[in-house]
Amino acid sequence: IANGVDVEKFSPGESQLRTRLGIPRDAFVVTLARRLYEKNGVLYLARAFAQLDHPGLHLIVAGDGSERQAFEQIIRDAGKQEQLHMLGGVANSDMPDLYRASNLSVLPSLLEATSIAGLEAMACGLPLVGTRVGGIPAILRHDDNGLLVEPRRPDQLAQAIQTLAADPSLCARMGARSRQRAVEEFSWQAIAGRTLHAYQQLR
């Protein structure tokens, strides 16, 4: 039985975060909500972002950790520091506002259970780009609510992000599927139903 998500707290809606960060309304915003440690594969995303030639692309990072300096250096070396927004640790109560300001959430992990951050992004109506590891394929169906790539492949991460940034209608369709799947399969009501059924099977 997977983790669940509060689909009322995490839901699509308006956000003022772009205005506060100086991000244009028509920008394509990618969010990374991860601790910046090796197991989360964050440097592979930094390398992917460095490859992308898309002036309207912005990356918001909610998280901190031992790889932060290296992450920022990769972006600076690519001359894309103006497109990077490092927020550090963000309270969970503020995360819906972050997701609502975004177009896409990325899970570049090397090791993962059922990603709570992924579920929260889905509930807010975002498509996912994630690696084919651990529990990520359990929440991310390729070509349905996002795109799966192989771990440690910044080229594949970059291509997946570019695919969604270049096709707003595809991005919107996948985001709608994310929300639908979050409500139907990963809401706490759905998780409670599965838990009850498991106990009933043991009677």
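Reply: By class, eight nonpolar, seven polar and six charged residues make up the lining of the second largest pocket. Here Ala, Val, Leu, Ile, Met, Phe, Trp, Tyr, Cys and Pro are nonpolar, Asp, Glu, Lys and Arg are charged, and the others, Gly among them, are polar. This is a predicted model: local features need pLDDT of at least 70 and side-chain atom pairs pLDDT 80 or more, while totals for chains, interfaces and linings use all residues. Residues are numbered from 1 along each chain as its sequence is written, and side-chain values use heavy atoms, without hydrogens or water.

The second largest pocket holds about 480 Å³ of space. It has 21 lining residues, and Ala-33, Arg-34, Arg-35, Ile-116 and Ala-117 are the closest to its centre. A pocket is an open set of points on a 1 Å grid over the protein atoms alone, where a 1.4 Å probe fits and protein lies on both sides within 12 Å along at least five of seven lines; lining residues have an atom within 4 Å of a point. Points join across faces, edges and corners, and the volume is the space filled by probe spheres set on them.

Which elements supply at least two residues each of this lining? They are α4 and α5 (116-123). The most comes from α5, with three residues. Helices (H or I, at least four residues) and strands (E, at least two) are DSSP runs, numbered from the N terminus.

Now the sheet. Six strands form an open, parallel sheet, in the order β3-β2-β1-β4-β5-β6. Strands pair if DSSP finds at least two bridges between them. β3 (84-88) and β6 (146-149) are the edge strands; each has a single partner, so one side of each lacks a neighbour in the sheet. Neighbouring strands are turned by 20 degrees against each other on average, direction ignored.

Helix α5 packs on this sheet. It touches β1 (28-33), β4 (104-107) and β5 (128-131), and its direction makes about 160 degrees with that of β5. Axes are lines fitted to C-alpha atoms, for helices over the stretch in contact (heavy atoms within 4.5 Å). Angles run from 0 to 180 degrees between N-to-C directions. Helix α7 (154-165) lies across β1, β2, β4, β5 and β6, at about 165 degrees to β6.

Take β4, one of the strands that α5 touches. Two bridges join β1 to β4 in parallel. Val-30 has Leu-104 of β4 as its bridge partner. On to β5: β4 pairs with β5 over three bridges, again parallel.

Val-61 has Met-86 of β3 as its bridge partner.

For reference, the largest pocket has about 580 Å³ of space. Its lining has 23 residues, with Arg-18, Arg-100, Ala-101, Ser-102 and Asn-103 nearest the centre. Two or more lining residues come from each of α1 (17-21), α4 (95-100) and α8 (168-186).
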